[in-house]
Amino acid sequence: MIDVNTKIHDRFSIEFKTSFVARRKVKENDFSAYMWFFVPYSLDINQETYPKSRFYQDIKSYVRVKTPQFLLQDIVGGSGVPFDRLKTAFQNLASTPTRTATKEYEYQVKMFAAITHSAARDACHNLMSNRILADDVAPLTTQYLQAYTEVLQSYRSLRTIVCQPTFTDDTRSYFRYGDEFMSNMYKLYTTRLLDHLLRTEHSESLLAAPVEALRKHLREENKYRTKMGYVNLKENAPESNRHMVFRSGVLKKYVDSDLYLNVPKRKDGKLVEQLYLGIAAGLAMMFATVVSFFFQQKYGNFTLPFFIVLVISYMIKDRIKELSRYYFAHRIGSRFFDNKAEILLKDEKIGTIKEGMDFIGMNKVPDDVKRVRYSKRLMEVENRVTDEKVMLYRMALHIDRERLNALTPYETTGINDIIRLNVNSFLQKMDNPVVDMLNMNDDGTVSTIPCSKIYYLNIVMQLRYEDELTLRRFRVALNRDGIQFIQEVE
């Protein structure tokens with residue numbers, strides 16, 4: 001199964017998160033994603049103004065293992081697998097403080113915090129969704145608070161183990177990092193729920209109990225954070241708040257670090273490229289040599305005609321070499337990828353990923369992609385006046401499911417491929433973001449009305465896994481100030 005989530009990461013970056021759910025019984029899993037960017041001609045994005053090196057500066061890709069899925073109430077209660085593994089790792093390090101035990105202890109802290117974060121996010125989003133009936137809000141809120149509180153209390157109960165003399169200051173700090181991170185997430189999602197309920201148009205008596213419960217738990221967590229020395233958000237405290245945001249970002253990267261896979265990239269097709277370039281040089285040299293031998297026999301050595309022909313032949317030879325290099329480079333670009341990388345988990349190879357980018361002509365865009373691009377136009381006349389450059393980004397992902405299963409103790413459903421594109425390069429040739437338009441008012445006077453001017457970047461994604469093929473289209477509205485909005489065109 002393939003799923004795509006897209007969002008505006010910041011004012012100048014779009015994020016595409018593609019989830020590939022790999023079947024456990026299939027040994028080898030192969031996924032591919034093709035992205036066609038239909039760029040307005042007026043933005044002047046082409047091979048000369050936007051080379052591949054610039055594109056790979058603007059795009060960042062990450063590969064990460066999907067966080068193991070648990071209900072919030074099952075992390076400690078229910079099956080309790082995450083907490084049981086966490087506690088075992090703590091006890092093993094306390095009794096046998098080896099390097100292996102330390103690595104396992106830190107890994108379990110990160111995984112427990114990541115699983116808690118994922119479960120809390122899902123619970124929060126579920127509670128805030130439209131499918132939840134008003135009568136169910138109170139019991140579900142109580143369930144959320146009880147489950148999250150149990151997770152935090154169970155984790156914090158392990159502090160007595162961390163305080164054993166076999167733990168070093170460094171290993172104790174890992175416990176603190178996990179505690180602060182989960183506290184941050186607890187405050188984040190609980191505050192979101194509180195804000196959502198306060199904005200919800202239901203009977204006050206129906207929501208009074210869950211609202212007060214959320215407030216009570218947030219106050220208690222703030223007291224705990226103050227006791228532990230964790231930074232709390234405060235009004236009119238910019239320096240403290242800045243430090244809190246910085247720490248939250250660092251802790252999130254730390255917790256997620258074992259889920260992100262190591263992907264050291266290298267250029268793909270090096271040997272074939274050198275072979276083709278050698279053939280190009282050989283063809284050019286063959287032409288120059290044949291011409292030299294022929295005219296040398298006809299005019300002899302050290303004659304003016306032979307000298308002129310020799311100069312001309314070398315000029316043509318250089319052109320033949322460059323044309324051949326261009327032809328072979330095009331062949332390489334269409335058959336090979338630009339970059340190739342091994343996907344590593346715990347320094348063990350579990351798969352490969354390849355990526356490539358090319359500008360292509362409209363005649364090379366598949367018909368089904370064209371149909372998706374030009375369906376549901378903003379204006380019927382759009383396809384008669386639209387002149388676009390087409391940029392194709394290709395990604396192929398291969399996962400060895402057996403190796404992945406062997407290297408992680410948790411059941412992993414698949415891989416997330418995260419692509420983040422910075423659009424700054426697309427904004428350079430845009431007009432001002434606001435255009436003043438004259439308008440006659442109802443009373444006959446004329447006024448100036450500022451109007452936003454935007455450009456549309458259309459993106460069509462083709463995702464493939466086994467026999468499943470998915471086409472998705474996104475419309476991104478841009479102006480000189482950055483990304484205005486992004487919407488999926490269905």
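Visitor: How do helix 3 and helix 8 stand to each other?
Guide: They're roughly perpendicular to each other. Keep in mind that this is a predicted model. The axes cross at roughly 110°, and that counts as roughly perpendicular because the class runs from 65 to 115 degrees. The two axes come within 8 Å.

Visitor: Which residues make that contact?
Guide: From helix 3, which covers residues 99-127, you have E106, K110, A113, A114 and H117. Helix 8, residues 238-256, brings in K252, Y254, V255 and D256.

Visitor: And how many of those are charged?
Guide: The contact has 4 charged residues, along with 4 nonpolar and 1 polar.

Visitor: OK, what about helix 3 and helix 4, at what angle do they pack?
Guide: About 170°, with the axes 11 Å apart. That makes helix 3 roughly antiparallel to helix 4. Helix 4 is residues 134-156.

Visitor: Which residues make the contact there?
Guide: On the helix 3 side, V109, F112, T116, A120, A123 and L127. Helix 4 answers with V137, L140, T141, Y144, Y148, V151 and Y155.

Visitor: How do those divide by class?
Guide: There are 11 nonpolar residues, 2 polar and no charged ones.

Visitor: Switching to electrostatics. How many salt bridges does the count come to?
Guide: It comes to 22 salt bridges. In general, side chains of opposite charge can pair when their charged atoms come close.

Visitor: Take E388. Which residue does it form a salt bridge with?
Guide: R373, and the closest N and O atoms are 2.7 Å apart. E388 is in strand 8 and R373 in helix 11 (residues 367-373), so the pair links distant parts of the chain, 15 residues apart.

Visitor: Are E388 and R373 buried or exposed?
Guide: Both E388 and R373 are buried.

Visitor: What does D358 form a salt bridge with?
Guide: With R394, at 3.6 Å between the closest N and O atoms.

Visitor: Why does D358 count as buried?
Guide: Because its relative accessibility is 19%, and buried means under 20%. R394, at 7%, counts as buried too.

Visitor: And R219 with E212, what's the N to O distance?
Guide: 3.7 Å for that salt bridge. R219 is partly exposed, with a relative accessible area of 48%, and E212 is partly exposed at 42%.

Visitor: Which residues do shared partners join into one network?
Guide: R156, R159, D179 and E221, through salt bridges that share partners.

Visitor: Over how many bridges do strand 4 and strand 9 pair?
Guide: Over 7 bridges, in the antiparallel sense. Strand 9 is residues 414-422.

Visitor: And what stands opposite V63?
Guide: D417 in strand 9.

Note on methods:
Residues are numbered from 1 along each chain as its sequence is written. This is a predicted model: local features need pLDDT of at least 70, side-chain atom pairs count only at pLDDT 80 or more; totals for chains, interfaces and linings use all residues. Side-chain values use heavy atoms; hydrogens and water are left out. Axes are lines fitted to C-alpha atoms, for helices over the stretch in contact, and angles run from 0 to 180 degrees between N-to-C directions. Helices (H or I, at least four residues) and strands (E, at least two) are DSSP runs, numbered from the N terminus. Angles under 35 degrees count as roughly parallel, over 145 as roughly antiparallel, 65 to 115 as roughly perpendicular and the rest as oblique. Contact means heavy atoms within 4.5 Å. Ala, Val, Leu, Ile, Met, Phe, Trp, Tyr, Cys and Pro count as nonpolar, Asp, Glu, Lys and Arg as charged, and the others, Gly among them, as polar. A salt bridge is a side-chain nitrogen of Lys or Arg within 4 Å of a carboxyl oxygen of Asp or Glu. Buried means under 20% relative accessible area, exposed over 50%, partly exposed in between (1.4 Å probe, protein chains only). Two strands pair if DSSP finds at least two bridges between them.
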